[in-house]
Amino acid sequence: MDALIERAAKDITSAKYVAALTGAGISVESGIPPFRGKGGVWEKIDPSYAEINRFMRDPADVWRVLIKEMKDLIDRAKPNNGHKGLAKLEEMGILKTVITQNVDGLHQMAGNTDVIEFHGSFARLQCMMCDKTCHSREVDLSEIPPRCECGGIYRPDIIFFGEIIPPETLRRSGDIASQCDVMLVVGTSAIVQPAATMPIIAKQSGAKVIEINPERTPLTGSISDYLIMGKAGEVMNGIISVISDR
Ligand code: NAD
């Protein structure tokens, strides 16, 4: 692993434009479980809870079973060395943008300033009746489902399975993927589309694609140049210390 960390530090520092694509795995060391794999949410909850049709059919049930639990974990979570490492790379003037599939706000809390929230954020809620939006901190979540003054039910401002990614988000992410010369792909199973297409666009546009994940993914061995097999926090820590020592 050390040799690959050295290699990544070299690739990152010789690049002109570094971008990152992150997924649920980067927040595991902050206490937020991923959806898939060992310890993942789908071991306990049926994945259909993340589908828009199920939410529309019975928002109270989805709020109770999935959203409330995730939100409680997110509210307690703090950025770990994975998030901090990416923030440090931005501070060093190396990393430009983080495209994240996460809805937990931890990249911004760590200090990254250009974060594309590909799947939205739990930090915002929207009334399904009058469309009013607000910060989830302003809403009483002891009543489930939470309601707006107009009586409408609030939904989290996230993209459920079966919903489309806002065109501007997709356009900007695609532009970044085609312009970067290194893409760090951290903690994503690279299964959820269209986010999983971003490393493919990067690769086809000539970028190096570096994966950080304790497991192989469909990108490994084909799209990614190499996989640093390990936890995001440990690997990012290693990369930052090699770069800082140079
Ligand atoms: P995923 O659940 O499909 O996969 C998680 C990946 O993280 C796996 O490849 C796993 O091997 C890897 N992983 C596990 N522990 C890790 C660690 N310590 N360091 C690095 N990698 C680790 O996640 P996904 O690909 O992001 O897609 C699922 C969707 O679920 C996302 O689109 C996201 O919207 C949503 N989600 C978000 C959060 C969050 O905001 N924190 C949490 C769960 C799910």
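Visitor: What does the side-chain oxygen of Asn80 reach at the start of H4?
Guide: The backbone nitrogen of Gly82, to within 2.6 Å. Keep in mind that this is a predicted model.

Visitor: And what follows H4?
Guide: Gly93 does, and its phi is positive, near 80°.

Visitor: OK, which residues of H4 are buried?
Guide: H4 covers residues 81–91, and the buried ones are Gly82, His83, Gly85, Leu86, Ala87, Leu89 and Glu90.

Visitor: You mentioned H1. Take Ala8: where is that, and is it buried or exposed?
Guide: Ala8 lies in helix H1. Ala8 counts as buried because its relative accessible area is 0%, and the cut-off for buried is under 20%.

Visitor: Which residues does Ala8 touch?
Guide: Leaving out residues up to four places away in sequence, Ala8 touches Ile210, Tyr226, Ile228 and Ile239.

Visitor: How far is Ala8 from Tyr154?
Guide: They're 146 residues apart in sequence, and in space it's 43 Å from C-alpha to C-alpha.

Visitor: Switching topic: where does the ligand sit?
Guide: In the largest pocket. There are 26 residues around the ligand, and the closest are Ala24, Arg36, Gln101, His119 and Ser189.

Visitor: What about polar side-chain atoms by the ligand's oxygens?
Guide: His119 has one 2.6 Å from an oxygen atom of the ligand. Asn213 also has one, 2.7 Å from a ligand oxygen.

Visitor: And how much of the ligand does the protein bury?
Guide: 93% of the 850 Å² that the ligand exposes when taken alone.

Visitor: Why is Thr188 called buried, if it's in a loop?
Guide: Because its relative accessible area is 5%, and anything under 20% counts as buried.

Visitor: What else is Thr188 in contact with?
Guide: Setting aside neighbours within four places in sequence, the contacts are Leu21, Thr22, Gly23, Gln101, Asn213 and Thr217. Asn213 is also the residue with a polar side-chain atom 2.7 Å from a ligand oxygen.

Methods:
Residues are numbered from 1 along each chain as its sequence is written. This is a predicted model: local features need pLDDT of at least 70, side-chain atom pairs count only at pLDDT 80 or more; totals for chains, interfaces and linings use all residues. Side-chain values use heavy atoms; hydrogens and water are left out. Buried means under 20% relative accessible area, exposed over 50%, partly exposed in between (1.4 Å probe, protein chains only). Helices (H or I, at least four residues) and strands (E, at least two) are DSSP runs, numbered from the N terminus. A polar contact is a pair of N or O atoms within 3.5 Å; within protein, one must be able to donate a hydrogen and the other to accept it, and residues adjacent in sequence count only if both atoms are side-chain atoms. A residue is near a molecule or strand if one of its heavy atoms lies within 4 Å of it. Accessible areas come from the Shrake-Rupley method with a 1.4 Å probe; for residues, only the protein chains shown count as cover. On a 1 Å grid over the protein atoms alone, a cavity is a set of points where a 1.4 Å probe fits but cannot get out, and a pocket is an open set with protein on both sides within 12 Å along at least five of seven lines; lining residues have an atom within 4 Å of a point. A molecule sits in a cavity or pocket if more than half of its atoms lie within 2 Å of its grid points. Contact means heavy atoms within 4.5 Å.
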